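Let's take a walk through this structure together, from single residues up to whole chains. Keep the viewer open and follow along as we go.

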Amino acid sequence: MSRCLTDRSIDHVVLERGEVGNSWKTERWDSLRLLTPNWQSRLPGFGYDGSDPDGYRTMPETIAFIDRYAEEISAPVRTHTRVSSVAPRDGGYAIATSEGDWQCRTVVIATGACNMPSVPEVTETVPSSIATLTPFCYRNPGQVAEGGVLVVGASATGTQIAEEIQRSGRPVMLSVGEHVRVPRVYRGRDIKWWMDKAGVLDERYDQIDDIERARKVPSLQLAGSPERRTVDLNALTRIGVQLVGRIAGIQNGKAQFSGSLRNLCTLADLKMNRLLDRIDQWSAENGFDGEVDPPHRFEATVVEASPPLGIDLVRHGIRTILWATGFRPDLSWLHVPVFDRKGRIRHDGGVVEAPGVYLMGMPFLRRRKSSLIDGAADDARDLSAHLASFLDHRR
Amino acid sequence: MATTKTPVDNGVNVQALLGAREALKKTPEGAQFQWRATCSWVYGTHSRTTIKKYFGLGQEQQHKTEFSFDTDHPEVFASEDKGATPVELVLAGLAGCLTAGVASVAQMREIQLRSVTATLEAGMDILGILGADSDVRNGFDGIKVTYRIDADATPAEIQALVAQSQKRSAVYDIITNPTNVTVEVV
């Protein structure tokens, strides 16, 4: 967005609570790599120029990439400037920060969708002898007590961490709710390559049947590994992870799991196959079949006949529970009446209901790719154009 | 995969359901429903449950007629078999809920149904309810539902109907997840 505003000669500052790339530096686990291949982080006028376009950036590489971009575009970043309040004033907005106050006519909220781990209420009844972790404080298996680990949540975060902890010798039980299964590689190409080529990632928010539902779809079960491993539930079962249903409650030290595991796995298998059907159809229609491997389907998710519905956590040897149950934004500093009854910002594709306020980087904000680094360019172009015309009309 | 030109009609008013969904999103207090049943003991293990009134859309509502369900136990339990067992009515509830879901989802997805049948089987070790073995739970040890569906759709689309119906089913949720139950004597 800063780049687009500069291109339009719109005076602006970028306020950053810490350093450039702060959440990548401080809120990620050690082994994490980006889930999108290197070639796919295309920022306005800036992209990957290394020798491994199909690889996945490590965190230090990701931070260096963002740092380099900030430098390249001479972004007017004010680091270590924490915003404590944004409130309407004099037809614009008053911004209070740890480094003094600002008055501005427009505000772009680019703080992201993942400011805080979202942890279910059942955490309150976890027995005191069991440690609880969130992805924000988890760094590596070394900090996890020897013994069993219950990982709750089977989207990108939960599946990656479950794999790493299981491989460290700590037996993992994985509580599986709604999830989105995809293979890392299909017909010899990265799934993200297919989704990009076939236009899946470019689908717009105003062309989708039920945008509210689309915005709540969990992250794809993907990992970025040098071997391009698929980390789906079958892969986890093969290394010894035990699958159980969505956690329904913990009472007197007993965890209860929903009996819906089988259906959630069926739903995910069917959804994956619909995506693969779409890819196959696109490939055939666009003459790609000669360049890639033939179509095939993956084994259905294997669910044991009677997955456990409840366990006594301590007796079962669970020493740690890791909540990989999603993230939520922290907008407690935004004192503008734009929230719906569930605390979400009301907006139309990032154009927030309050005049001059814009939102970026949220799931399916304007396009399916909006929450990806690769999605920022198109959204910033659209929203900066809207912002510029807003300023023109106010002159 | 609707290949026929005749409009799909499974007898489900999807427009009304979609309308209600949009309206209730704006007035979520109207979405608070309360379901009720009244039960009287008849004799032995025979009871009769009647269902008439409920609350929803902000006011008292009632069914067009009062529905009555007799429950009893069969003769192998030394009972008089004046009605289905309560656990069988649970199966009826699950089957009714899932099948209503199949019809609704099919209508929404413009899939014409020709026939839908479900067979339900639920295992139970009655040493639990007899109090003969405290390690055995009282309830089912599992429920198996088998659907046979004839419809204008591919096998994957039919599977997706049944999966989506489970995802949106109240009775499926009630059975697969715990619910707090408070029983009082007044």
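This is a predicted model: local features need pLDDT of at least 70, side-chain atom pairs count only at pLDDT 80 or more; totals for chains, interfaces and linings use all residues.

## An arginine on a strand of chain B

B:Arg148 sits in strand E6 of chain B, which covers residues 142-151. Is B:Arg148 buried or exposed? It has 10 C-beta neighbours inside 10 Å, and a residue with 12 or fewer is classed as exposed, so B:Arg148 counts as exposed.

If you look for B:Ser115, you will find a residue that is 33 positions away from B:Arg148 in sequence. In space, the C-alpha atoms of B:Arg148 and B:Ser115 are 7.8 Å apart.

## The two domains of chain B

Four residues from domain 1 of chain B and four residues from domain 2 of chain B take part in the contact. On the domain 1 side of that contact in chain B, two residues are nonpolar, two are polar and none is charged.

## Chain A as a whole

Turning to chain A, you can count nine helices and 21 strands. Its C-alpha atoms fill a box of roughly 70 × 60 × 40 Å along the principal axes. How does the radius of gyration of chain A agree with that of a compact globule? A compact globule with 395 residues would have a radius of gyration near 21 Å, and chain A has 22 Å, so the two agree.

Of the 395 residues of chain A, 37% count as buried.

Domain 1 of chain A is made of two segments, 2-115 and 329-394, while domain 2 of chain A takes in 117-327. The centres of domain 1 of chain A and domain 2 of chain A, taken over C-alpha atoms, are separated by 27 Å. Their contact draws 23 residues from domain 1 of chain A and 26 residues from domain 2 of chain A. On the side of domain 1 of chain A that touches domain 2 of chain A, there are ten nonpolar, five polar and eight charged residues.

## A strand covered on both faces

E10(A) pairs with strand E9 of chain A, residues 148-152, through four bridges, and the two run parallel. Within this pair, A:Val149 has A:Val172 as its bridge partner in E10(A). From E9(A) the chain passes through helix H4 of chain A, residues 156-167, to reach E10(A), making a right-handed β-α-β crossover. E10(A) is also joined in parallel by three bridges to strand E13 of chain A, residues 242-244. There, A:Leu174 has A:Leu243 in E13(A) as its bridge partner.

## Two loops with positive phi

Most residues other than glycine have a negative phi. A:His80 is not a glycine, yet it has a positive phi of about 50°. You will find A:His80 in the loop between strand E2 (77-78) and strand E3 (83-89) of chain A. With 13 other C-beta atoms within 10 Å, A:His80 is partly exposed.

A:Arg187 also has a positive phi, near 55°, and is not a glycine. A:Arg187 is in the loop between strand E11 (185-186) and strand E12 (189-190) of chain A. The cut-off for a buried residue is 20 or more other C-beta atoms within 10 Å; A:Arg187 has 20 and is therefore buried.

## Where the chains meet

Finally, the contact between the chains takes 13 residues from chain A and twelve residues from chain B. Strand E14 (247-251) and helix H8 (261-285) of chain A each supply at least two residues of the chain A side. H8(A) gives the largest share of that side, five residues. By class, the side of chain A that touches chain B has three nonpolar, nine polar and one charged residues.

How values were computed
Residues are numbered from 1 along each chain as its sequence is written. Chains are lettered from A and ligands numbered from 1 in the order in which they are written. Domain bounds come from an automatic or database domain assignment. Two residues are in contact if their C-beta atoms, placed from the backbone, lie within 7 Å. Ala, Val, Leu, Ile, Met, Phe, Trp, Tyr, Cys and Pro count as nonpolar, Asp, Glu, Lys and Arg as charged, and the others, Gly among them, as polar. Two strands pair if DSSP finds at least two bridges between them. A crossover is right-handed if, with the strands pointing away from the viewer, the path from the first strand over the helix to the second runs clockwise. The radius of gyration is taken over C-alpha atoms; the globule rule is 2.2 Å times the number of residues to the power 0.38.
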